[in-house]
Amino acid sequence: MSTVSQRSHLTDSEAWRVVGRLEGGQTQAEVAQAIGVSQSVISRIWNRFWRLKVQVEYQDKVVDGKQCPMKIVI
């Protein structure tokens, strides 16, 4: 039997704390256990963060000598 609680969503604040912990060197499993969710939830948050980062980097490029406007979509 799993000791991980059943939660449908993390708040934005919790999701950013997850990203911070992962960037700080904790594993997905360690973060999941500390927060009380499954590792797959942590993986989805991490993947969403990286897609957002790539999208921002792409939209922040200079095109034809002009700075492209940056649009952030979460």
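A nonpolar core is taken here as a set of buried Ala, Val, Leu, Ile, Met, Phe, Trp, Tyr and Cys residues joined through side-chain atoms within 4.5 Å. In this predicted model, the largest such core comprises 13 residues. Leu10, Val18, Leu22, Val37, Ile42 and Ile45 are the members with the most contacts inside it. Three helices, α1 (12-23), α2 (28-35) and α3 (39-59), each contribute at least two residues to this core, and α3 gives the most, with 5 residues. In soluble globular proteins, nonpolar side chains tend to be buried together.

The surroundings of Ile42 illustrate the packing. With residues up to four places away in sequence left aside, Ile42 touches Val18, Leu22, Gln28, Val31, Ala32 and Val37. Of these partners, Val18, Leu22 and Val37 are also listed among the core residues with the most contacts.

Aromatic side chains were examined next. The model contains 2 aromatic pairs. In one of them, the ring centres of Trp16 and Phe49 are 5.9 Å apart and the ring planes lie at 90°, so the arrangement is edge-to-face. Because Trp16 belongs to helix α1 and Phe49 to helix α3, this pair ties together parts that are 33 residues apart in sequence. The two partners can be described by their accessibility: Trp16 is partly exposed, with a relative accessible area of 46%, whereas Phe49 has a relative accessible area of 13% and is therefore buried, the limit being under 20%. Together with Trp46, Trp16 and Phe49 form one aromatic cluster.

Key: Residues are numbered from 1 along each chain as its sequence is written. This is a predicted model: local features need pLDDT of at least 70, side-chain atom pairs count only at pLDDT 80 or more; totals for chains, interfaces and linings use all residues. Side-chain values use heavy atoms; hydrogens and water are left out. Buried means under 20% relative accessible area, exposed over 50%, partly exposed in between (1.4 Å probe, protein chains only). Helices (H or I, at least four residues) and strands (E, at least two) are DSSP runs, numbered from the N terminus. Contact means heavy atoms within 4.5 Å. Rings of Phe, Tyr and Trp (its six-membered ring) pair if their centres lie within 6.5 Å; planes under 30 degrees apart count as stacked, over 60 as edge-to-face and the rest as tilted.
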